[in-house]
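Visitor: I am new to this structure. Please show me how to read a few of its features.

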Amino acid sequence: MAKQIIESEISVIVYDDSKVSQIKAPMFDAVYWRGRATSSGQQGGRGSVLFVRHEERDWAIRHYYRGGMIGKLLTDQFFWTGQDDTRSFREWHLLQALQRDGLPAPAPVAARYQRSGLLYTADLITEKLPDVESLASRF
């Protein structure tokens, strides 16, 4: 897996350049995909997942949201404790390990966090597993 990192003043993106030739910050946002022929829908839950097709690959794009009581105050913001502790980077590394061990897990494409002082938001792009549905769609 060829890992690359893009850093700007407010965000850091890690991505696998064998899965995507070029990643841009807007690609983590649903607005970027809205109205494009590559968009293939959303599934709900606490935070919905956007499914898109890009470079002949199907992706699942997820923005991290908080749950519980604190989620009412900080809907999608988390307290900064370091880059390696961000939710998106932790999941990126976990998915890499699962892939390396040959376990059935989606391949990580890209992860991003955007920091603002003591808080950050996070996003993750993975390859979409075929023939899956969300738990929320089962009820």
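Visitor: Which residue lies over the face of Tyr-64?

Guide: A charge sits over a ring if NZ of Lys or CZ of Arg is within 6 Å of the ring centre and within 35 degrees of the ring normal. Here Arg-62 lies over the face of Tyr-64, 4.3 Å from the ring centre. Likewise, the charged end of Lys-128 is placed over the ring of Phe-51, at 5.1 Å from its centre.

Visitor: What do these values rest on?

Guide: This is a predicted model, in which local features need pLDDT of at least 70 and side-chain atom pairs count only at pLDDT 80 or more, while totals for chains, interfaces and linings use all residues. Residues are numbered from 1 along each chain as its sequence is written, and side-chain values use heavy atoms, with hydrogens and water left out.

Visitor: How many aromatic pairs are there?

Guide: Rings of Phe, Tyr and Trp (its six-membered ring) pair if their centres lie within 6.5 Å; planes under 30 degrees apart count as stacked, over 60 as edge-to-face and the rest as tilted. The count is 6. In one of them, the ring centres of Phe-78 and Tyr-120 are 5.6 Å apart with planes at 35°, so this pair is tilted. Phe-78 belongs to strand β6 and Tyr-120 to strand β8, so the pair ties together parts 42 residues apart in sequence.

Visitor: Are Phe-78 and Tyr-120 buried or exposed?

Guide: Buried means under 20% relative accessible area, exposed over 50%, partly exposed in between (1.4 Å probe, protein chains only). Both Phe-78 and Tyr-120 are buried.

Key:
Helices (H or I, at least four residues) and strands (E, at least two) are DSSP runs, numbered from the N terminus.
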